[in-house]
Amino acid sequence: FRSNQVVKIKLARDTLAISGAATLPGGAFQFSFPFTPGATCIALAATNPTLPLSNWSELGGVPEISPGQFQFTDSAATNYPQRFYGVRLRP
């Protein structure tokens, strides 16, 4: 990501709200959000935000870094000029 690039994050549920998003040194992209402690969340990504969520790629689990605080880092973000993110709750 370039410093003048706009990043848009789309969440799969309205109850999740991004509380932090940043491009890290080296180009990885990181986002975090508060949610129900113990929830199992999966990070999703797509280059086209209009695709149905069923067509987005699953990037992996979102670790709960402290009770109710989740954080995901996409180290592959440097391979995409533009990428959109979402979160799916695993039942």
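Begin by selecting Ala45 and then Tyr85, for in strand S7 the residue Tyr85 is the bridge partner of Ala45. As you look at this pair, keep in mind that what is on the screen is a predicted model.

S3 and S7 are paired in the antiparallel sense, and six bridges connect them. In general, the strands of a sheet pair through backbone hydrogen bonds, and such pairing may be either parallel or antiparallel.

Select Ser57, which belongs to S4 and stands opposite Ala45. Strand S3 covers residues 41–46, and five bridges join S3 to S4, the two strands running antiparallel.

With these pairs marked, show the three strands together. They form an open sheet in the order S4-S3-S7, with antiparallel pairing. The edges of this sheet are strand S4 (57–62) and strand S7 (84–89), each of which pairs on one side only. If you look across the sheet, the twist from one strand to the next averages 30°.

Stay with S3 for a moment and display its side chains. Which residues point one way from S3, and which the other way? Cys41, Ala43 and Ala45 point one way, while Ile42, Leu44 and Ala46 point the other way, and all of them are buried. Why is S3 described as largely enclosed by the rest of the structure? A residue counts as buried when its relative accessible area is under 20%, and because six of the six residues of S3 are buried, the strand is largely enclosed by the rest of the structure.

Finally, select the whole protein and colour it by secondary structure. Of its 91 residues, 31% count as buried. If you switch to a surface view, the accessible surface of the protein comes to about 5,200 Å², and 51% of this belongs to carbon and sulfur atoms. To end the tour, consider how the chain meets itself: among the contacts between residues at least 6 apart in sequence, 58% join residues at least 24 apart.

Conventions: Residues numbered from 1 in each chain as written. Predicted model: local features only at pLDDT ≥ 70, side-chain atom pairs only at ≥ 80, totals over all residues. Heavy atoms only, no water. Pairing = 2+ DSSP bridges. Helix = DSSP H or I, 4+ residues; strand = E, 2+ residues; numbered from the N terminus. Axes fitted to C-alpha atoms, helices over the stretch in contact; angles between N-to-C directions. Buried < 20%, exposed > 50% of the residue type's maximum accessible area, 1.4 Å probe, protein only. Contact = heavy atoms within 4.5 Å. Areas by Shrake-Rupley, 256 points an atom, 1.4 Å probe, with all protein chains shown as cover.
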